[in-house]
Amino acid sequence: MTDGLPAVPGLPMTRGRCPFDPAPELGVLRADHPVARMEFPDGHVGWLVTGCTQVRALLSDRRMSSRGEALRSPIPLPMATDRTEPAPGMFTAMDPPEHTRYRRAVAGWFSARRTRTLEPRLKELAERHLDAMGAGKGESPVDLVTGFAEPMAASVICELLGVPLSERPAFARAIKALFAVHSSAEEAIAGWHALTGLLRGLVEAKRAEPADDLLATLVTEGRLTDEELVTVGSVLLTAGYDTSANMIALGTFALLEHPEQSAALAADTSLAERAVEELLRYLTVVHAGGIRAVGEDLEFEGHRMAAGDAVSLSFAAANRDPVLCALPDELDVTREPVPHLAFGHGIHQCVGQQLARLELRVAFAALFGRFPGLRLGIPAAEVRTRPDMIIYGVQELPVTW
Ligand code: HEM
């Protein structure tokens, strides 16, 4: 059934002239058909939702499902993880009540109050990575992705989980292999195995020597089995890494390309929190999410959605919807924060959002504080982006100062 609507041939991913704007087709769809039919890579005809109101409504509708067996990726993935039963602990691909049990086990670690206590340590980490990036500068530009964004994101999430310093390079390598832009299916699977192997070792070490980090506390509490602990740890490490690393690098690119915005921010540091919120909205790095399935037959805005239909809810299109704010296609760091969807919405809304906000605020302040003359090392048009990945960003960002 196609509901009388023509089906869009796949999720529009190719960007137009501006690397910060989502695929232009998404805006056209949002205006004409905020709820449209879409053909998924496996030929299934499901739904593509681009209107902010509609995306938000479906994300909080209990009749929508995140069960791994029901999901279909809107883009061809190297690692075909979709339509399989989720491993114990893979709570991103579960519905209540299983989802609730795992989410409760970790949520307290990401509260606003607890996150605030991490600020001094995050500042130290940022300064340390900037020391290393600064020391690596020679005649040619330095890559901000490998020099700052990735090591910063990796160390923040390792710090939280309690990965000892000596093991961080191995963790960082495994996570990077898993997310490498050009990694083959075999390499991505090898990266996942390396990561879960490292986590297994870490769980054993925490059992032998209790500590006060997230993983050690979960081990001591004894609510989750070792298998669940390894998967929950991997979910946190991977969910918190690629997103943050890409937001740091793409956010830097956006600030460098909007000098009036970075000048406003430099002139008034009290804008720092607003700037992070606006960059999250404007850039929406989770540009191929969210991914859901219809759990039971339902009527939505005059459409009949059938149980089992795959649904792609575009956070990127929703965050540029004129119902959300005036001039949604403009980056404005002075904007009153708006209820954007960069962290999703509903029961799966990003559990690490307070940590992510803090990490971004600390990273941008440290970077532009250390190198006020930071500029691109190549023409903006030559910066290579990664539109075909679930998480959008830049492949590298050559900078100089
Ligand atoms: C700028 C950085 C980040 C962005 C833009 C981001 C974005 C998102 C989005 C959009 C979702 C919802 C996906 C959906 O509903 O389908 C999500 C979920 C999630 N995020 Fe983040 N995230 C970021 C950083 C982090 C960090 C630092 C952590 C820390 C561990 C984290 C952990 C998670 C987890 C575990 C989920 C799944 C929650 C659930 O299924 O209940 N994220 N994130």
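In this predicted model, V145 is found in helix 6, which covers residues 144-161. The residue counts as buried because its relative accessibility is 6%, which falls under the 20% limit used for that term. Leaving aside neighbours within four places in sequence, V145 is in contact with E150, P151, A249, V394, Q395, E396 and L397. The C-alpha atoms of V145 and K176, which are 31 residues apart along the chain, are separated by 12 Å.

E119 is buried, with a relative accessible area of 18%, whereas K123 is partly exposed at 44%. The side chain of E119 also meets that of R361 in a salt bridge, again described by an N to O distance of 3.4 Å. Because R361 lies in helix 14 and E119 in helix 5, this pair ties together parts that are 242 residues apart in sequence. R361 is partly exposed, with a relative accessible area of 23%. Through shared partners, salt bridges join E119, K123, E273 and R361 into one network. The count for the model comes to 25 salt bridges, and among them is the pair formed by E221 and R223, whose closest N and O atoms are 3.2 Å apart; E221 is partly exposed, with a relative accessible area of 39%.

D95 presents another charged side chain, located in the loop between strand 4 (64-65) and helix 3 (98-107). D95 is buried yet has no salt bridge, and the nearest side chain of opposite charge, that of R67, is 5.4 Å away. The side chain of D95 is instead joined to that of S65 by a polar contact of 2.7 Å. Beyond its neighbours within four places in sequence, D95 is in contact with M64, S65, S66 and R67.

The iron atom of the ligand has a single donor from the protein, the SG atom of C350, at 2.3 Å. C350 lies in the loop between helix 13 (315-318) and helix 14 (353-370).

Technical notes: Residues are numbered from 1 along each chain as its sequence is written. This is a predicted model: local features need pLDDT of at least 70, side-chain atom pairs count only at pLDDT 80 or more; totals for chains, interfaces and linings use all residues. Side-chain values use heavy atoms; hydrogens and water are left out. Helices (H or I, at least four residues) and strands (E, at least two) are DSSP runs, numbered from the N terminus. Buried means under 20% relative accessible area, exposed over 50%, partly exposed in between (1.4 Å probe, protein chains only). Lys and Arg count as positive and Asp and Glu as negative; His and the chain ends are not counted. A salt bridge is a side-chain nitrogen of Lys or Arg within 4 Å of a carboxyl oxygen of Asp or Glu. A polar contact is a pair of N or O atoms within 3.5 Å; within protein, one must be able to donate a hydrogen and the other to accept it, and residues adjacent in sequence count only if both atoms are side-chain atoms. Contact means heavy atoms within 4.5 Å. Donors are N, O and S atoms within 2.8 Å of the metal (3.2 Å for Na, K and Ca); water is not among the atoms, so sites may look incomplete.
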